Amino acid sequence: MNLKSIIWNGLLVAALCLAIFLLYRIFQQYSLEQIVQSVRSIPFSTFCMALLFAAASYLCLGCFDLLAIRSLGKSLPYRKIALASFISLSLGHNIGFAGLSSGAFRYRFYSRWGLAAEDVAKIILFCGVTVGLGLMTLGGLAMIVNPGDAGRLLRIDPGSVRIFGAVALIVPVVYAGLAFFIRGTLRLWRWSFQLPRFSIAVGQIGVGTVNFTLVSACLHQMLSAFGDVAFFRSVTAYVLANSAILATHVPGGLGVLEATVSYAVPKEASIGALIAFRCAYFFIPLALGSTLLVISEVIFRRRSRGADEEADERAEAQSV
């Protein structure tokens, strides 16, 4: 085992240990009966609405890939892009190190459809930038609209929170401005960055923000079953939780998500709401994504076998 593998395995073990510790801290205050009752107290209609928001979020994530492929000047049907994106991200969100894990699945699909490894790497980078733009845009709005909760979590005064929010909103504006005025490669010292067209840059900001808004709405549905919680409180809780997940790379955000949301909205963040949200946004998509992966692999192999047999028959016919 080389040094790189040892480092990655060490990081994964550390992340899992952190997840187990945080989950223990959260679950130790509840009995199994309390957990079951808490989950059952969520109305079925509320859970279904949360599922709709989760499904809409995964459709938005498919648009990340669609914009990335268009920025490369390539063309693929949306149904193929949506399939690759959903399988990649439904598994990647739960495995951890989403950029790498989802990237491996993306490569498996896109390489079969004619994209090179370099194209797939650019798609992964493009989607990562879109995630950052969406998170900063929605996070900036949340800090301006709801500075109290963010200030309590970050332990700074509301005025400073609003300033941070305004600074966060400058980032997507600057990004769109650079795409409009430079229209090509941005060079900073020894680094160079290929900027997308202005329309695609604006699309990145828009679809990234809408995606995180939809995930926050999914969380808000679960939290609202246990109290009257303002929508932007749910937004603040999720943006901060997702930022912590990205920083720690804990698989599926286990423990990190629950701990952050519990601290942001302690009254409404019952164990039932947190489990139901994880089921709606992580576990159910994971089951669907895994099933679709198996089905797609079977179909790909059958088509590949059929193509090989056809090629053999043609070769035999030509030899005769």
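Is Lys74 buried, exposed or partly exposed? Hi everyone, let's begin with that residue. Lys74 is partly exposed, because its relative accessible area comes to 37%. Please keep in mind that we are looking at a predicted model.

Lys74 makes a salt bridge with Asp119, and the closest N and O atoms of the two are 3.9 Å apart. Lys74 sits in the loop between helix H3 (44–71) and helix H4 (78–95), while Asp119 belongs to helix H6 (residues 117–145), so this pair, 45 residues apart, links distant parts of the chain.

Let me walk you through two others.

One is Arg112 with Glu297, where the closest N and O atoms are 3.1 Å apart. Arg112 counts as partly exposed at 32% relative accessibility, and Glu297 is buried at 12%.

The other is a local one: Glu118 pairs with Lys122, with 3.4 Å between the closest N and O atoms. These two are four residues apart in helix H6, so about one helical turn separates them. Glu118 is exposed at 54%, whereas Lys122 is partly exposed at 41%. Going back to Glu297, shared partners join Arg108, Arg112 and Glu297 into one salt-bridge network.

What about disulfides, and how many are there? Zero, by the count on this model. As for cysteines, Cys48 is partly exposed at 28% relative accessible area, and Cys279 is partly exposed at 24%.

Next, the surface. Phe180, Phe181, Ile182, Phe198 and Val202 make a nonpolar patch of about 470 Å². Helix H8 (158–181) and helix H9 (198–224) each give at least two residues to that patch. Val202, for example, lies in helix H9 and is partly exposed, with a relative accessible area of 38%.

Finally, the record. An unreviewed UniProt entry lists several stretches as "transmembrane region", including residues 47–69 and 198–223. In the model, residues 47–69 are 100% helix and 0% strand, with the end C-alpha atoms 34 Å apart. Residues 198–223 are also 100% helix and 0% strand, and there the end C-alpha atoms lie 38 Å apart.

Definitions and conventions. Residues are numbered from 1 along each chain as its sequence is written. This is a predicted model: local features need pLDDT of at least 70, side-chain atom pairs count only at pLDDT 80 or more; totals for chains, interfaces and linings use all residues. Side-chain values use heavy atoms; hydrogens and water are left out. A disulfide is a pair of cysteine sulfur atoms within 2.5 Å. Buried means under 20% relative accessible area, exposed over 50%, partly exposed in between (1.4 Å probe, protein chains only). Patches are made of residues with over 30% relative accessible area and no salt bridge: like charges are joined within 9 Å, nonpolar side chains (Val, Leu, Ile, Met, Phe, Trp, Tyr) within 5 Å. Accessible areas come from the Shrake-Rupley method with a 1.4 Å probe; for residues, only the protein chains shown count as cover. A salt bridge is a side-chain nitrogen of Lys or Arg within 4 Å of a carboxyl oxygen of Asp or Glu. UniProt positions are given in the numbering used here, feature names are shortened, and annotations may be inferred rather than shown by experiment.
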